[in-house]
Amino acid sequence: MYSYVARQPIFNRQQRTVGYELLFRDGENNAFPDIEANKATSRLLVENYMAVGDNAAISGQRTFINFPQDSLLQLLPLLLPKRSIVVEVLETCEPNDALFTAIKLLYQRGYIIALDDFEMSPAWRRFLPYVRIIKLDLIKLGIEKSCDFVNQYRSRKLKFLAEKVETKDEYETALAAGFHFFQGYYFCKPELLKNRQVEPEKLNTVLLLQEICRDPVNFKRIEQIITSDVSLSYLLLRYVNAASNRTVEPISSFRQALVYLGEDKIRLFIGVVATAHAALDKPRELYLMSLQRARMCESLATGSGTQEQSHQAFLVGMFSLLDALLDTSLDQLVKVLPLQEDVEAALLHHQGRLGHTLALLEAYDQANWHLVSEYCEQLGIAENVVTRSYQQASRWSEDMLRIQ
């Protein structure tokens, strides 16, 4: 499966690239499709910032992203790193109190705000203290009117971007008028980029796995991801209600479920649920093996005197089969998960104590008893401990499956 995006470079006065505007596309045709603006923005964010894989569209320079009214009111830009984007407020936005509050908050959080296809009206004046860049459409406004605007507002702490620069004469006129940035066909047409993506139904799994790798865990963010997915929501409530035997009332809200679990259990819980969600169309045995490996790695880390690594060991075991669950290479997955260096080295290269533990598990799965003995000796773990850990992990994973 592929996603598509076009990007058009933005140049400074020395004609050096300072950023790219991202333009949503849904196929090989390099034109904006017939799609509602907020939906286009949401898909652009998910497919280019939250999905798995190398993405040339967002590498290097800042990206300018169009946000329509609803997306701004929902504060969608907060999902993206402030040092990587410029928030473009579309010309269709209504300059009301709700939008003003949203723009002010984004500014206070450190985001750069640009007004797109701007035409000055009294309603927008109160927004200007929170705006860094104003984009003027040379075709829509005309070159003369655009240059007059720059001259009129030159005293303000604003940067001006001339867009839809079509000819050399237009560029030179805009340059002389004091524009700071330039964009248009005179420099470069939008370049269509194609990127392989994880299937949409599995994107929330990746987002959840990203969250449980962070320290501390962001409960509010986890709740937002889960509530956006019906199947994940069902799995969460069913899991907690089935697993809890101390609550008087059934748990009926996601926040209540997260509070009940507490920080100690949230990573375990999310790991189990996210893996189950990824495995919906996969063989039952693959999911069971993911849980077994996670629990077994955790148990061996605890039993061998490295209890401080038990959380990392759980992730190594669970993520070791993530490529098969998500049909994406482990190399690509590791790039988008904020893993510690020793966890990454264990998954990709079987390096370090965690890597040797994972290699031990793989040898055990393959009944390669010679290798099992070698790794047990390296790790200082008795072979009977490995067998006992395997049996306990098998029972635990079966229990998890029954709960769900």
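Here is a short tour of some strands, cores, loops and cysteines. One thing to keep in mind is that this is a predicted model.

## Strands side by side

Let's start with strand β7, which covers residues 159-163. Four of its five residues are buried, so β7 is largely enclosed by the rest of the structure.

What does β7 pair with? Strand β6 (residues 133-137) runs parallel to β7, and the two are joined over five bridges. If you want a place to look, find Ile133, which stands opposite Lys159 in β7. Strand β8 (residues 181-183) is also parallel to β7, with three bridges between them. Here Leu161 has Phe181 of β8 as its bridge partner. To get from β7 to β8, the chain passes through helix α6 (residues 168-177), making a right-handed β-α-β crossover.

Now head back to Gln15, in the loop between β1 (2-11) and β2 (17-25). Phe181, the partner of Leu161, turns up again here: 166 residues separate Gln15 and Phe181 in sequence, yet their C-alpha atoms are 8.6 Å apart in space.

Which residues does Gln15 touch, leaving aside neighbours within four places in sequence? They are Tyr171 and Phe187. With Tyr171 there is also a polar contact, side chain to side chain, at 3.3 Å. Gln15 itself is partly exposed, because its relative accessible area of 40% falls between the 20% and 50% limits.

## Another glutamine in a loop

Gln61 is another loop residue, sitting between α1 (37-50) and β3 (62-67). Gln61 is partly exposed too, at 34% relative accessible area. Setting aside neighbours within four places in sequence, Gln61 is in contact with Thr17, Val18, Gly19, Tyr20 and Ser84. Pro9 is 52 residues away from Gln61 in sequence, but the C-alpha to C-alpha distance is 9.5 Å.

## The nonpolar cores

Time to go inside. The largest nonpolar core is made of 57 residues, and among those with the most contacts inside it are Ile222, Phe319, Leu339 and Leu347. Helix α11 (residues 284-303) gives the largest share of this core, with eight residues. Another core lies apart from it and has 42 residues, including Phe118, Val131, Phe149 and Leu158.

Not counting residues up to four places away in sequence, Leu347 touches Val316, Phe319, Ser320, Leu330, Val334, Leu339 and Leu358. Leu347 belongs to helix α15 (residues 341-349), where Val343, Ala345 and Ala346 are buried along with it. The cover over the buried residues of α15 includes α12 (310-319), α14 (330-336) and α16 (352-365). Just after α15 comes His350, which has a positive phi of about 55 degrees.

How many disulfides does the structure hold? The count is zero. For background, a disulfide is a covalent bond between the sulfur atoms of two cysteines.

Are Cys93 and Cys376 buried or exposed? Cys93 is buried, because its relative accessibility is 5% and the cut-off is under 20%. Cys376 is buried as well, with a relative accessible area of 2%.

Conventions
Residues numbered from 1 in each chain as written. Predicted model: local features only at pLDDT ≥ 70, side-chain atom pairs only at ≥ 80, totals over all residues. Heavy atoms only, no water. Buried < 20%, exposed > 50% of the residue type's maximum accessible area, 1.4 Å probe, protein only. Contact = heavy atoms within 4.5 Å. Polar contact = N/O pair within 3.5 Å; in protein donor to acceptor, adjacent residues only side chain to side chain. Core = buried A, V, L, I, M, F, W, Y, C linked by side-chain atoms within 4.5 Å. Disulfide = S-S within 2.5 Å. Pairing = 2+ DSSP bridges. Right-handed = clockwise from strand over helix to strand, strands pointing away.
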